[in-house]
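Please read it alongside the sequence and coordinates.

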Amino acid sequence: VQFVRPSPKKHPQRSTIQHWQLRDLISCPTTRKEFVYVNQNSVLSYNTETKQATHLLKDIAFPPASMTTGEGYLAAGGQSSQLMVRQLATNWFAQTNVGGSINNAMCISNHHGQTRLLISNNDETIKVYSLPGLQRIASISLPTAVNYASVSPDGRRLAAVGDSNQVYLFDVSASGSYSRITSFTATSDSGFSCAWNQSSDKLAVASQDGFVSVWDIRSSEKLAKFGSKQGRQGSGACRCVKFSPSGAVDLMIYSEHESHVNVVDARTFNERQVLRVGQPNTDANISGICFSPDSKVIFVGMDNAVFEYEVDVFGRRSFPTGTLL
C-alpha cells in the first residue's frame, strides 16, 4: 500500500535536536511551500520554491528543545524553562522564564477567539498562557512529568502524556477552565506525543516502548495499536504522532527514533506504509514530522536535511466505486 510517494524531495536544511527524547521540531504553519525548523540556537523558515531560508528567531540564548506554530505565532521552549514567542506576520516577540524545569512541548490553541499557549513542563504541570499578553491563565497539575499536551481541533478536549503509561483527558469548558475527566492506559512506557484527528473524536499517543495507541474517545477501549518497524529497541521508540489536518486524506503518521516514518490509514486503521528516510545504510535521528495545512505534503526533519513527501491525495479520495469525496 502506498499512501505517500516514496521518493521525497530533499531540502538541504539542518534540523537539529537538543534533547534525545524530544522530537517535535518541525512545523508547517500556513502553506506547503514553507516549513519552520530548529537549527541549533535559531528557528528558521524555509521556502521550498525560492530555496531561501529566513531567520524567525536568530541566535537566541538557548537551543530550543520544543517548538510549535499556530494562530499566527511561533513559540520555542528551552531546557531551563525559557520561553520565546514571536508573531509571524510582524516583528513582535517576547521572552520570559516560566519556571519549573524543561519545557518539553508547546501547543497553541484557539479558545473562543482567544489564543492560548500550553507549555508541557517537566515539573508535572501544563502552564497555560494568553497570547500575545503572556498572562498566566492556568497551571494544570498532573501526577507525572508532562511530555506533551494537545488540544482537540474543536477546542473542547485536552490530552496530555508524560513519564508514565497514562493518558490524561481534560474537558475544556466554555469559560476556558480545564477539568480532568478520565485517563486511558497506553502501553508500558512513557508517552512523548499525542494528537487528535481533524474531527476531534480520535486520539493517538506515541510511546517510548515502540507503540502508538489510538482511541475513539467515546470509549476507553483501544481502537488500534501499531508497533514500530525497528521493534522495541531504542531506535524503534515512537517519538511523534500527527493526523492529517484537512480534507479527505485521513492519514496518521508517526516517527521512530531513527530513520523510519510510518503512514497509517486513519479511516480503517488496518493498513500501514513504512518510509525509510535518509541514507539507506545509515541510521539517523528524526527531529520532527508534520503535515502541510492542506495535507498534501509531509515534512520529515533530520540532522542533515528536511525531506518532503507527496501524499497521494487523489488515491485517498478515490474509492472502489470510483467516486470522489
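The points below describe the fold, the surface and the salt bridges.

The model is predicted. The chain has one helix and 28 strands. By the distance rule applied here, 14 salt bridges are counted.

**Overall form**
- The radius of gyration is 18 Å, close to the 20 Å from the globule rule for 325 residues, so the chain is as compact as a globular protein of that length.
- The C-alpha trace spans about 50 × 45 × 40 Å along its principal axes.
- Among contacts between residues at least 6 apart in sequence, 46% join residues at least 24 apart.

**Burial and surface**
- Buried residues make up 58% of the 325 in the chain.

**Charge**
- The chain carries 30 positive and 26 negative side chains.
- The centres of these two sets lie 2 Å apart.
- Side chains of opposite charge can pair when their charged atoms come close.

**Salt bridge Asp312–Arg5**
- Asp312 and Arg5 form a salt bridge through their side chains, with an N to O distance of 3.6 Å.
- Asp312 sits in the loop between strand E28 (306-310) and helix H1 (313-317), and Arg5 in the segment before strand E1 (9-11), so the pair ties together parts 307 residues apart in sequence.
- Both partners are partly exposed: Asp312 has a relative accessible area of 22%, and Arg5 has one of 37%.

**Salt bridge Arg14–Asp303**
- The side chains of Arg14 and Asp303 meet in a salt bridge at 2.9 Å, N to O.
- Arg14 belongs to the loop between E1 and strand E2 (26-27), and Asp303 to the loop between strand E27 (297-302) and E28, so this pair ties together parts that are 289 residues apart in sequence.
- Arg14 is partly exposed at 36% relative accessible area, and Asp303 is partly exposed at 37%.

- Arg276 and Asp283 are joined by a side-chain salt bridge of 3.3 Å, N to O.
- Arg276 counts as partly exposed, with 32% relative accessibility, as does Asp283, with 43%.

Conventions
Residues are numbered from 1 along each chain as its sequence is written. This is a predicted model: local features need pLDDT of at least 70, side-chain atom pairs count only at pLDDT 80 or more; totals for chains, interfaces and linings use all residues. Side-chain values use heavy atoms; hydrogens and water are left out. A salt bridge is a side-chain nitrogen of Lys or Arg within 4 Å of a carboxyl oxygen of Asp or Glu. Helices (H or I, at least four residues) and strands (E, at least two) are DSSP runs, numbered from the N terminus. Buried means under 20% relative accessible area, exposed over 50%, partly exposed in between (1.4 Å probe, protein chains only). The radius of gyration is taken over C-alpha atoms; the globule rule is 2.2 Å times the number of residues to the power 0.38. Contact means heavy atoms within 4.5 Å. Lys and Arg count as positive and Asp and Glu as negative; His and the chain ends are not counted. The place of a charge is taken as NZ of Lys, CZ of Arg, CG of Asp or CD of Glu.
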